[in-house]
Amino acid sequence: MSVKVRFAPSPTGYLHIGSARTALFNWLYARHEGGKFYLRIEDTDRERSKDEFLQEILGSLKSLGLDWDGDLVFQSRRTDYYRKMADLLVQKDMAYGEGGALHFRSPKTGKIIVQDLLHGPIEFDLDQHLSLAEDLVIFKSDGSPTYNFAVVCDDADMGITHVIRGDDHISNTPKQLPLYEALGFQKPIFCHIPLILGEDRSRMSKRHGATAIREYVEAGYLPDALVNYLSLLGWSPGNNQEIISRQELIQKFELKRVLKTGAVFNKEKLEWLNGQYVRKLPIPELTDNLIPYLEKRRYKTEDRAWLERLVLLFQERIFTLNQFPDLAQFFFEENIEYNEEAHKEFAKDARLKNAFTRYAAMLESLPVFDAKTIEEKSRALMKDLEMSGKEFIHPCRVAVTGRAISPSFFETIALLGKEKATRRLRQAANSIK
RNA sequence: GGCCCCAUCGUCUAGUGGCCUAGGACGUCACCCUCUCACGGUGAAUACAGGGGUUCGACUCCCCUUGGGGCUACCA
C-alpha cells in the first residue's frame, strides 16, 4: 500500500517555523516513498479561521517548494460526513447528546497503548489519567465537530497511512484511538516528531523573534536553504553532511532517523547556511533574486551588465538577500554620508586634501576605466605621493563610499564609475580645511 | 498538581556494548591570506546531567534522581 501523509494546518495564524518543519517532514517522507502528500485545512473553529491566514499558509508552503497532491480538503465543508459518523456512534449507543453537544462514551478503565514509530509503545493508564476517561465531546453545540473527532474521521476517510505530527499531539492520540475502534476504522501509523524550541528551550513562539516563514522569505532566505536548515532540525543523514540539496534530501530522508529530542532553532546557523547557498548561486540567478530588494529602495536596476558585476562583488559578503541594498547603497545613491568614525581618518589631513585632488584628476584622465588599469595607475600615484597602500586606500575608500568597509577598493572605483568617483573625491578634498 | 515525552560541546548533531583519550557543523578565540570587510585556510577551547545496576567491558541496555519540555478546552 502506498504511503499517504497529510499536513493539517488550521488557518488561525501564519505558517510558523515549527509547523513548516512538520509539513516538510511529511512532504519529504511522501516524496521519498513515492507516496502522496495531502493538505487538509482544519477550519472547524469558525471564529478564529480566516481566509487571509489560509492564503498566507499556502503561500508559505509554495515558497518553500512544498507542493501537495490533490485538492485541499476543508473540514468546514465535510460536516455532513462527520454527522454521519457521529450518528453511527449514537445508533450503537457509543455516543449521546447532552446540552446540544454530542459526547463519545470514552473507555473508563484499562490501558490505551499508542504505538509510535519513533517512541515505541506509549502507555496511558485510564485509571490514573482522569481527563482521558472523561467523555470526549465530538460535536460542539454550534454544530461543528471537535478537532479530535474530525481528525480521526478524515485521516481514515483520506486513507492516511502515516500520521506525522508534533510531539504535542502525543496526548491527543489516546483520545483518538478509541474512536478508531468505535468507528471500525483502520489505524494509521503514528509518528510524533519533536518540537522546535526557542533559545530558552520552550516551544518556539513569537517572543523568540521571527517565527513566520513569510518573514524569512521576505528577509531574503533562499527556499532551498530554509528547507535544508529545517530538515536538519531533528534529523540528519548520518554522515556529517550539512549542505544537502532538495533532491538529496528526498533521496536520503528516513523517518526512522528522526530524533526524539526537541531542537533549538539557531538563526546564526541558518544565516551561515543561507550564505553557503548564496555563494553557490549563478550570478544571473542571484541578480534576479536581488532585484526586488533593490526595487523596494527604488534603486536603478536596468543596467544588467553593470548590476551583475556588482552582484559578483557582493556575493561573498551577504548572507541574506536583504543585506544587499544596505551594503551596496553607495553605488546607487548619488550622495553619500560619511560614517563619523571613518571620516575622522581624513577630516583634518592636509596631505590627503592634495592626494584626493590629484587622484580625482588622474582618474578623470583615464581612457580605460577598469579595475586593473585603475589599480596600476593608483599604485603609481601612491609612489609619487610617497604613501603606502593603506595610507592611501583607506581614506580614499571613505571619501568615495562614506564607509570604512567596502568590497575590493579598485573594483569599487571601477563600478562606481568615473563621474561618481571623481566627484566624491573632490568633495572630500574640499571638506578638508 | 496529574499524565506523557525527552536528556552527547552554548546550539544543531554523529554515535545503536569494545572502532570514543567521543567525530562534524554553527558560534567563540587565535593565526594565515589581505587595501577594509567578507570569503577561504589552519589551529584552539567546550559535551556523554548525577547515582545505582547489567556486563569481561558502557555515551550506548535497565532503574532511580535531577533537569527541561508538552498536554491537561464544546482551540487546533
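**RNA strand B**

I counted 62 residues around RNA strand B, and Lys-140, Gly-234, Glu-316, Arg-317 and Ser-406 come nearest; a residue is near a molecule or strand if one of its heavy atoms lies within 4 Å of it. Of the atoms of RNA strand B within 4 Å of the protein, 76% belong to sugar and phosphate.

I noted that the model is predicted, that local features need pLDDT of at least 70 and side-chain atom pairs pLDDT 80 or more, while totals for chains, interfaces and linings use all residues, and that side-chain values use heavy atoms, with hydrogens and water left out. Residues are numbered from 1 along each chain as its sequence is written, and chains are lettered from A and ligands numbered from 1 in the order in which they are written.

Next I looked up polar contacts (a pair of N or O atoms within 3.5 Å; within protein, one must be able to donate a hydrogen and the other to accept it, and residues adjacent in sequence count only if both atoms are side-chain atoms). An N or O atom in the side chain of His-119 is 2.9 Å from a sugar or linking oxygen of RNA strand B. For a polar side-chain atom of Glu-242, the distance to a sugar or linking oxygen of RNA strand B is 2.8 Å. Ser-406 uses a backbone N or O atom, which lies 2.4 Å from a base nitrogen of RNA strand B.

I then asked which elements give two or more residues to this surface: they are β7 (120-125), α4 (130-133), β12 (263-264), α10 (267-280) and α18 (389-401). Helices (H or I, at least four residues) and strands (E, at least two) are DSSP runs, numbered from the N terminus. The largest share, 5 residues, comes from α10.

I checked one residue of α10, Glu-268. At 55% relative accessibility, Glu-268 counts as exposed; the cut-offs are under 20% relative accessible area for buried and over 50% for exposed, with partly exposed in between (1.4 Å probe, protein chains only). Glu-268 and Leu-363 are 95 residues apart in sequence, and their C-alpha atoms are 41 Å apart in space.

Gly-417 follows α19 and has a positive phi, near 95 degrees.

**Aromatic pairs**

I took rings of Phe, Tyr and Trp (its six-membered ring) as paired if their centres lie within 6.5 Å; planes under 30 degrees apart count as stacked, over 60 as edge-to-face and the rest as tilted. The count comes to 15 aromatic pairs. Tyr-216 and Phe-265 form an edge-to-face pair, 5.8 Å centre to centre with 75 degrees between the planes. Tyr-216 lies in helix α7 (residues 213-218) and Phe-265 in the loop between β12 and α10, so the pair ties together parts that are 49 residues apart in sequence. Both Tyr-216 and Phe-265 are buried. I also found that ring pairs link Tyr-216, Tyr-221, Tyr-229 and Phe-265 into a cluster.

**Two single residues**

I looked up Gln-315 in the loop between α12 and α13. At 9% relative accessibility, Gln-315 counts as buried. Apart from neighbours within four places in sequence, Gln-315 is in contact with Val-278, Arg-279, Lys-280, Leu-281, Ile-283 and Leu-286.

Last, I found Tyr-96 in strand β4 (residues 95-98). A polar contact of 2.6 Å joins the side chains of Tyr-96 and Asp-135. From Tyr-96 to Leu-281 I noted 61 Å in space, C-alpha to C-alpha, and 185 residues in sequence.

Methods. Contact means heavy atoms within 4.5 Å.
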